[in-house]
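Morning, everyone. Please look at the sequence and the structure on the screen while I talk.

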Amino acid sequence: MMYTYKHDTVTWIDLEHPTREEVRDLIERYEIDPLVAEELLNKTHRPRVELHKNYIYLILHFPTHFSPKQMDAKHHIEEVDFIIGKNFLITARYGQIEAMHQFSKMFETDSILHKQHLTQHAGFVFYHMIRSIYKSLYTKIEDIKTTLAVFEDEIFEGHEKEMVFELSKMNRVTLYFREALILHKDILTSFESAGKMLFDTEFSHYLSAVISEYGKVESALASTKDYLQELRQTNDSLLSTKQNEIMKMLTIVSFITFPLTLVSSIFGMNTSFIPLTGSEHDFWIVLLIMITLATAMFTLFKHKKWI
């Protein structure tokens, strides 16, 4: 499906699941290299940037379909292909990206077009678009931090066992982010060099600002990953300590009951002679011996500060 947005001399064409007919039309209208046009029809696993005669071809991947309240929802990494010319911008994607949808609404309502430089060439449209995407990713990472703060409270309220699974799911989300964004800095640096060749020198400042915007996302993601790692280690330590305390108590109980079991076993033996058996108050005497041994064992453990 093709969506077309225009403002003065600048045209933005947004392709969602592009067809061959739509791509063929773009080849003729904007003199797109057939090899580049073919790339628009298929997903590419690695990002890259290419400088052509009248445009820059850029491929980036972004994490999508994320919500902290729906951690079980499947997460995806969506590809976006950008063809950035002087008076046109073509984007091709294969799924819904919320930040681009919001940007299209802003473009339609002219809420960003009051900026005079935006009409100079399509590079400025790309600049505002990519900033919107990175700001959206930054907000999502901040949402992750907020969720982790809630998990931290849960950990110290004694819910370590439940948090093992929740923290593992959150770690999976950060892995999606890292996988999608890991090569952005290198690609954007190459894009900056290509942009300086295609556009005017005034635009070089905005090219650097794009890298700076990504840097904020990268720093926030690294900080969140460290926070998550610390929480997982703390949770594992508390869980391990609690399990050790349980095992300790069970071991102590076993040692306390051991002499009782031994005495009861001795007096339960089927032999011709057992001391005290048959005498007056034999049951109470044996019971007293068992209670005395149990008390002695408990006193010993208390003295050793094992309990």
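Among contacts in the protein chain between residues at least 6 apart in sequence, what percentage join residues at least 24 apart? It is 64%. Contact here means heavy atoms within 4.5 Å.

Two notes on the source. This is a predicted model: local features need pLDDT of at least 70, side-chain atom pairs count only at pLDDT 80 or more, and totals for chains, interfaces and linings use all residues. Residues are numbered from 1 along each chain as its sequence is written, and side-chain values use heavy atoms, with hydrogens and water left out.

Now the overall layout. The protein chain has eight helices and six strands. These are DSSP runs, numbered from the N terminus: helices are H or I with at least four residues, strands are E with at least two. Along the sequence, the pattern reads β-β-α-α-β-β-β-β-α-α-α-α-α-α. Of the 307 residues, 42% count as buried. Buried means under 20% relative accessible area, exposed means over 50%, and partly exposed is in between (1.4 Å probe, protein chains only).

Next, the sheet. Six strands form an open sheet, in the order E1-E2-E6-E5-E4-E3, with mixed pairing. Strands pair if DSSP finds at least two bridges between them. E1 and E3 (48-51) stand at the edges with a single partner strand each, so one side of each has no neighbour in the sheet. Look at E4 (residues 55-64) and E5 (residues 76-85): they run antiparallel, joined by ten bridges. In that pair, Tyr57 stands opposite Ile83 in E5.

Helix H5 packs on this sheet and touches E4 and E5. Its direction makes about 170° with that of E4. Angles run from 0 to 180 degrees between N-to-C directions, and axes are lines fitted to C-alpha atoms, for helices over the stretch in contact.

Now helix H1, residues 20-30. Which residues of H1 are buried? They are Glu22, Val23, Leu26 and Tyr30. They cover an arc of only 95° around the axis, which puts them on the same side of H1. That arc is of the directions from the helix axis to the C-beta atoms. Why does such spacing work? An α-helix has 3.6 residues a turn, so residues three or four places apart point the same way. On the other side of H1, Glu21 and Glu28 are exposed.

What do the buried residues of H1 pack against? Strands E1, E2 and E6, plus helix H2 (34-39). After H1 comes Glu31, with a positive phi near 55°.
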